[in-house]
Amino acid sequence: MIKKIKLIAIVIISLFWIACDPGHETVDIGDPSTCEGCHTSEATLKVYAQASGTEPSGGG
Amino acid sequence: MVPLEPWEKVFIKLVGRQKSYADIDDVHAIIGCVTCHGGKEPADFATAHDSENFGFVRDPSIVAETNCNPCHNGIVATSANSMHSKAWGEQTTIAQRELGADKDHNNFSECAIELTEGFSRECSSCHTTCGQCHISRPNSAAGGFIENHRFKKTPDQTNNCLACHGSRIATDFEGHLEGNEPDVHSTKYMKCWDCHKEDMHADASGSATRYHLSDLPTCEDCHNYFEVPNFYHQIHWPSEGEGLSCFVCHSQPYNNCNSCHTKDPNSLNADWWQTGYAESATETDVHTGSGGYKEFPDFKIGYNYDHKLHKGKFIVVRHIPIVRDSYSPWGHDQLANYDVRPTWEYTSPHNIQRFTPQTDTTGGGYCFKNCHAKGDSASINIDRYLWQSDVDTDYPDESIANMPVVVDDKLPDTWQKP
C-alpha cells in the first residue's frame with residue numbers, strides 16, 4: 001500500500017513539474033550577439049551560413 | 001553517411017517547453033559556451049569565432065586535459081592513451097613494416113619523421129576526441145551535432161560508431177553488400193556495446209593492436225558450444241587452437257580494400273584520404289585498385305600463423321589497403337620492411353549468420369561439400385581459400401609478405417590445389 005502511495009505521489013509531482021516548469025529563461029532566440037541566441041535559431045544560422053560562405057564544422 | 005547541412009551541424013533545436021540550452025543539459029550549461037569553446041560573447045560573428053585573438057576552438061575536447069577536467073579527470077587521464085585516441089594498432093603496423101617484425105607501437109617514434117608527422121596529421125585527426133564520440137559526428141563524417149549538443153554518455157551507434165567503422169563494420173553488420181544478410185546480431189536489435197563491453201577509455205598503451213586488448217568480446221561469451229552438442233563444432237574444433245575460427249563457417253563475404261589512402265596535404269588537391277575514400281567506396285574491381293581507395297567483396301580462409309593472438313588453425317583474412325609506397329604522399333617512398341607482415345590480415349567480419357554459403361545444407365548432405373577442396377565441388381571450394389597463386393597473380397608485390405598466411409601446405413594432401 002505504501003508503495004502504491006509513493007508511486008501515485010511521484011506521478012502527481014511529476015505531472016505538476018511538467019505542467020508548471022517554465023524552463024530556463026534565455027536571451028531572445030535569434031539574437032546574433034550571443035552564442036546561444038544564434039545557435040538555437042535555424043533561420044539565423046542559415047543566414048550566417050550563406051553570408052559568411054564558411055561551413056561550420058559542427059564541433060567535435 | 002550523408003553530411004549534415006552546414007547550419008544543421010551547429011543547430012541546437014529547442015522543442016516543447018525548452019527555452020535555452022540549459023533545458024537540454026543543465027549541468028554543462030552552467031559552464032557556459034565560451035568557457036569551453038573560447039571566443040567572445042556577446043560579439044559579432046567574426047569576433048565570436050576568432051581563434052587568433054579570442055582562442056575560439058570548435059572542438060574543446062582536443063584539449064581534454066583542460067576543458068573536460070576536473071569533472072572527468074579519471075577518464076581524461078586514461079583516455080589519452082586509449083586505443084581510440086592513439087590508434088596503437090596502426091602505429092604497430094607501421095612500425096613493423098618500417099622497422100621490423102619484432103617491433104610494435106612502442107617503437108613507432110623510431111620511424112622516419114615523415115611517418116610520425118604524417119600519422120599525427122592524418123591518422124590522429126580521426127583518432128579521436130571526447131566530443132567526436134559523445135557530442136558530434138566524428139571528423140571523418142564531417143562533424144555536426146547528433147542531438148542538439150547533448151552530451152551522450154553512450155555514443156550513438158549510427159552517428160558515432162558506424163560513422164567511422166563504416167566501410168567494413170557497418171556494411172557487414174547492416175547487410176549492405178549485395179547478396180548478404182545483415183548480421184544476425186543486428187536483426188536481433190543488438191547494439192555494438194551489447195558485445196563490446198571493453199573499456200573504451202582504458203589506457204591501452206600496453207596493447208600492440210586492438211586484438212591484444214584483454215577484454216575484447218568473444219563468441220564464447222554467449223555461445224558455449226559444449227552446452228549444446230553440435231557435430232559440426234565437435235569436428236571442426238577438436239581442441240583449442242586446432243580448429244576453425246568461428247568466422248570461417250559463420251561469416252558471409254565482406255569488404256576488402258586495395259591501395260593506400262594517404263594523400264599529400266601540401267598538394268593542390270589536398271583533400272586527404274577522406275575524399276578519395278568517399279568517391280570510390282562503391283567501386284569493386286579488385287584489379288584496378290591503384291590510385292584510389294577501392295573496396296571489393298570477397299571471402300578468404302587463411303592460415304593462422306599467430307596462435308597466441310587468435311584462436312583456430314584457420315581464420316578468415318581480409319585484404320587491407322597497404323602497399324609498399326603507401327606513405328609516399330607523406331614523403332616516405334618505401335616501407336623498409338614491408339614484407340614482414342601479411343597484407344591479408346586476420347579479420348572478424350560483423351556479418352555473422354548461422355547459415356552461410358559455407359554452412360548451408362539445403363537439399364541435404366553435409367556442409368563439407370561447401371568447403372572441402374575435394375570431390376565434385378572442389379574447383380568451387382578452392383576459391384574460398386587464400387593460395388600463394390592468388391597473391392602472386394593479383395598482388396605480385398605482396399607475395400613474400402603473405403607467405404605465412406596462405407594455405408598451400410596447410411590443408412590435407414588429398415585436397416585439390418589450384
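In strand E5 of chain B, Trp344(B) is the bridge partner of His319(B). The structure is a predicted model, in which local features need pLDDT of at least 70, side-chain atom pairs count only at pLDDT 80 or more, and totals for chains, interfaces and linings use all residues. Residues are numbered from 1 along each chain as its sequence is written, while chains are lettered from A and ligands numbered from 1 in the order in which they are written.

**The sheet**
- Strand E4 (residues 314–319) of chain B pairs with E5(B) in the antiparallel sense over 3 bridges, where pairing requires that DSSP finds at least two bridges between two strands; helices (H or I, at least four residues) and strands (E, at least two) are DSSP runs, numbered from the N terminus.
- In chain B, 3 strands form an open, antiparallel sheet in the order E3-E4-E5, and its edge strands, E3 (300–303) and E5 (344–346), each pair on one side only.

**Helix H13**
- Helix H13 (residues 166–173) of chain B is largely enclosed by the rest of the structure because 6 of its 8 residues are buried (20 or more other C-beta atoms within 10 Å of a residue's own; exposed means 12 or fewer, partly exposed in between, with C-beta atoms placed from the backbone).
- The buried residues of H13(B), including Ile169(B) and Phe173(B), pack against helix H12 (157–164), helix H14 (184–187) and strand E1 (254–258) of chain B.

**A loop residue**
- Ala101(B), found in the loop between helix H9 (88–99) and helix H10 (113–121) of chain B, counts as exposed because it has 11 C-beta neighbours inside 10 Å.
- The C-alpha atoms of Ala101(B) and Tyr338(B) are separated by 9.5 Å, although the two are 237 residues apart along the chain.

Methods
Contact = placed C-beta atoms within 7 Å.
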